[in-house]
Amino acid sequence: MSLKITVVLLVGVLTAALLLVALDWHTRFFGLITMLGCLGYLAIHMEQFNRRLADLHRLQDAYGQLDQQAKLIIRTDLELHRTQEELDRRLASLMSLHQLGRQLQVSLRPEEVFAKLDAAVIANFGFSRCLLGMCPSFDAVEWRSLIGINTRLADTLKEHLCTSGLLKQILSHAGPRTLSEQTTTHPAERRLLDLFGFPTVVVAGVIPHTGPAGCLLLGRASAGASTSRGDEELVAILVNQLASAIENSSLYGATWNAQQELERKVRERTHELAQLNAELVRLNTAKSNFVSAVSHELRTPLAAIKGYASLLHGGQFGKLQPPQQERIAKIEKHADLLTRLINNLLDIARIESGRVTMERRAIAVEELFTTIQEQVRPQLEMKRIRYETDLDGVKQLVGDPEHLQRVFVNLLSNAIKYTPEEGRIRLGLRQEGSSVLATVSDTGCGIAPEDLPKLFQEFYRAADPVNQQVQGTGLGLALAKRIVEAHRGQITVTSEQGKGSTFSVTLPAG
């Protein structure tokens with residue numbers, strides 16, 4: 001209510017009061033009416049005043065609330081700003097960790113890992129000073145990365161760490177620790193803060209499973225308690241990354257050294273093997289030449305022996321008595337065996353030395369195996385052995401017909417020798433892609449498993465009672481193997497004692 005209205009109402013009330021004192025009732029009535037009007041008007045204005053006063057209080061409360069909310073918004077905005085800055089720093093730190101990890105992957109030696117930290121990485125972590133050193137022991141450190149610190153101060157810090165025992169504590173601690181002026185009470189740690197020149201320092205040990213350990217010191221001008229835990233988490237990731245890189249480089253170094261040593265030994269052994277192989281080739285050539293020369297020398301007197309034996313057996317020098325004829329027949333028989341032995345030796349030597357060239361031409365299969373069967377027919381009939389063939393539609397082979405004939409005659413002759421009377425021998429052919437597989441199976445005594453790997457060696461004969469009763473030189477299978485291999489083929493054997501054997505010959509089809 002304004003001051004002017006208040007004065008008017010007071011004047012009206014006073015005037016009404018004076019009129020009420022008057023003797024005239026008309027005047028009193030008018031005064032009463034005036035007083036009532038003034039009081040009513042005053043009451044109305046008082047009510048309006050109270051309402052306005054209440055509105056004013058409500059406005060003051062609303063203003064106070066708005067002020068509190070504005071202050072809260074400002075504080076929240078500041079907190080969000082600080083949080084955003086912290087997140088940006090964390091993001092920059094993680095990006096630096098990622099880039100550092102890629103750089104550490106190509107570190108081949110632990111010394112290179114300790115030298116990878118640079119000022120940009122440390123700045124992204126929010127630090128301005130850094131020392132990273134390699135520790136060969138608990139009382140020695142060699143600084144590899146110095147950021148924001150000169151060498152003189154670095155030497156002083158190294159001496160303090162080693163003499164105070166702090167280095168051993170750092171290398172024995174599982175994770176990073178934050179040293180600050182507000183919380184640190186240990187004299188050696190406070191001395192470290194004084195030397196570093198910052199109120200907060202994060203220390204951590206780089207402790208790999210293999211390779212040299214390390215010591216990391218990081219400092220910034222100021223750091224709040226709320227950011228120290230985050231700093232320790234980031235530093236822990238950095239330390240683990242460095243430790244993993246050191247382990248990898250150490251393992252790589254050990255592997256590299258082992259590989260170099262292995263390669264050196266391989267080169268030495270390869271050189272030795274090459275020398276031994278050259279010596280073996282020389283000896284094998286000398287052996288083949290010797291066998292060839294001796295065989296040639298043996299054939300001449302053997303031919304003379306066989307010729308004179310034939311003359312004697314034919315009665316050219318007079319009639320022989322039956323015992324004499326029997327002895328001469330044995331001489332001829334053994335001369336024939338010796339001739340075959342010499343021929344086999346000559347053939348093996350020639351094939352090994354490459355002096356025998358295998359002819360390659362199409363061979364009619366049916367004609368070839370008919371000829372082979374005619375050669376072994378007397379032996380088959382003598383032991384009443386059943387002989388079966390299954391050509392399976394194979395029409396031709398490619399190779400040297402004379403030498404391939406010798407292979408199959410040899411295999412069939414062996415099968416006949418070791419198959420009992422009235423046994424069974426089967427010769428089969430089958431096309432297998434670009435090759436032809438020929439098998440010779442018998443129902444003979446079989447071969448012991450320990451004898452199978454040696455079966456194609458020259459002069460080898462199994463130490464088996466049945467085998468000892470069968471005459472042979474041990475050269476037939478060796479010669480067959482050389483002939484088949486000269487045709488770029490392969491010969492193998494499978495056998496079971498008491499159930500027989502199967503020789504398989506694989507030859508190119510074209």
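These legends describe close-up views of aromatic rings and their neighbours in a predicted model. Residues are numbered from 1 along each chain as its sequence is written, and side-chain values use heavy atoms, without hydrogens or water. In this predicted model, local features need pLDDT of at least 70 and side-chain atom pairs pLDDT 80 or more, while totals for chains, interfaces and linings use all residues.

**View 1. Phenylalanine 369 pairs with phenylalanine 408.** The count of aromatic pairs comes to three. Rings of Phe, Tyr and Trp (its six-membered ring) pair if their centres lie within 6.5 Å; planes under 30 degrees apart are stacked, over 60 edge-to-face, the rest tilted. Here the pair is edge-to-face, at 5.1 Å centre to centre and 70° between the planes. Phenylalanine 369 sits in helix H10 (residues 365-382) and phenylalanine 408 in helix H11 (residues 401-418), 39 residues apart. Helices (H or I, at least four residues) and strands (E, at least two) are DSSP runs, numbered from the N terminus. Phenylalanine 369 is buried at 4% relative accessibility. Phenylalanine 408 is buried too, at 1%. Buried means under 20% relative accessible area, exposed over 50%, partly exposed in between (1.4 Å probe, protein chains only).

**View 2. Phenylalanine 456 pairs with phenylalanine 503.** This pair is edge-to-face: 6.3 Å centre to centre, 85° between the planes. Phenylalanine 456 lies in the loop between strand E10 (435-442) and helix H12 (465-468), and phenylalanine 503 in strand E12 (residues 500-508), so the pair ties together parts 47 residues apart in sequence. Both phenylalanine 456 and phenylalanine 503 are buried.

**View 3. Lysine 481 lies over the face of phenylalanine 456.** The distance from the ring centre is 5.8 Å. A charge sits over a ring if NZ of Lys or CZ of Arg is within 6 Å of the ring centre and within 35 degrees of the ring normal.
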